[in-house]
Amino acid sequence: MKKILVALMVSALTLSLAACEGTTPTKQQTGTVVGGVLGGVLGSNVGSGKGQTAATIGGALIGGLLGSAVGKSMDDSDEMKAAQVLERNKTHQAASWHNPDTGNDVTVIPTRTYTSTAGQTCREYDTTVKIDGKNQKAHGTACRQSDGTWKIVN
């Protein structure tokens with residue numbers, strides 16, 4: 001379950017960096033959706049038959065609730081710092097910070113930089129987030145948009 005929290009935090013950080021035309025989803029909304037999807041996927045790997053269906057539904061509900069809470073806890077300074085890491089840091093060059101408002105410690109390490117088939121600069125990265133005194137890790141990929149913002153792709 002803690003891996004879900006970290007994945008949600010990474011997703012919330014990166015997704016919220018991307019400026020979209022029209023209405024941009026809130027961090028809480030993004031966390032809810034990502035958490036629900038991840039929870040449903042994890043739940044679908046449990047049991048079989050009716051038990052698997054119940055686990056999928058339960059996982060989606062729990063993941064959505066957890067994702068909502070994590071997304072709500074993210075703030076603009078975390079988003080800016082994560083964007084700066086993706087934009088400025090060399091591959092394998094870590095950046096860490098403590099957010100006094102949330103109490104979270106975050107470390108982001110770009111691990112690979114490449115050009116996508118669409119011509120975008122993309123970066124794979126590892127993130128460690130200290131939540132309630134426990135380090136949680138996640139891996140993700142984000143691509144630079146035409147306006148210079150970063151958007152998560154997986």
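Select Cys122 to start: Cys122 is buried, at 1% relative accessible area, where buried means under 20%, exposed over 50% and partly exposed in between, using a 1.4 Å probe and protein chains only. Keep in mind that this is a predicted model, where local features need pLDDT of at least 70, side-chain atom pairs count only at pLDDT 80 or more, and totals for chains, interfaces and linings use all residues. Residues are numbered from 1 along each chain as its sequence is written, and side-chain values use heavy atoms, with hydrogens and water left out.

Cys122 and Cys143 form a disulfide with sulfur atoms 2.0 Å apart; the cut-off for a disulfide is cysteine sulfur atoms within 2.5 Å. The link is right-handed, with 100 degrees about the S-S bond. Cys122 sits in strand S3 and Cys143 in strand S4, so the pair ties together parts 21 residues apart in sequence. The structure holds one disulfide.

Next, switch to cartoon view and find the sheet. It is open, with five strands in the order S1-S2-S3-S4-S5 and antiparallel pairing. Strands (E, at least two residues) and helices (H or I, at least four) are DSSP runs, numbered from the N terminus, and two strands pair if DSSP finds at least two bridges between them. At the edges are S1 (95–98) and S5 (150–152), each pairing on one side only. From one strand to the next, the twist averages 30 degrees.

Select helix H4 (residues 76–88): H4 packs on the sheet and touches S1, S2, S3 (121–131), S4 (134–144) and S5. Contact here means heavy atoms within 4.5 Å. The direction of H4 makes about 170 degrees with that of S1; axes are lines fitted to C-alpha atoms, for helices over the stretch in contact, and angles run from 0 to 180 degrees between N-to-C directions.

Then walk along S1 and S2 (residues 105–115), which pair over four antiparallel bridges. Ala95 stands opposite Val108, and His98 opposite Asp105. In their hairpin, with six residues between the strands, click Gly103 for a positive phi near 80 degrees.

Move over to S2 and S3, paired over ten antiparallel bridges. Pro110 has Tyr125 in S3 as its bridge partner. This hairpin has five residues between the strands, and Gly119 in the turn has a positive phi of about 85 degrees.
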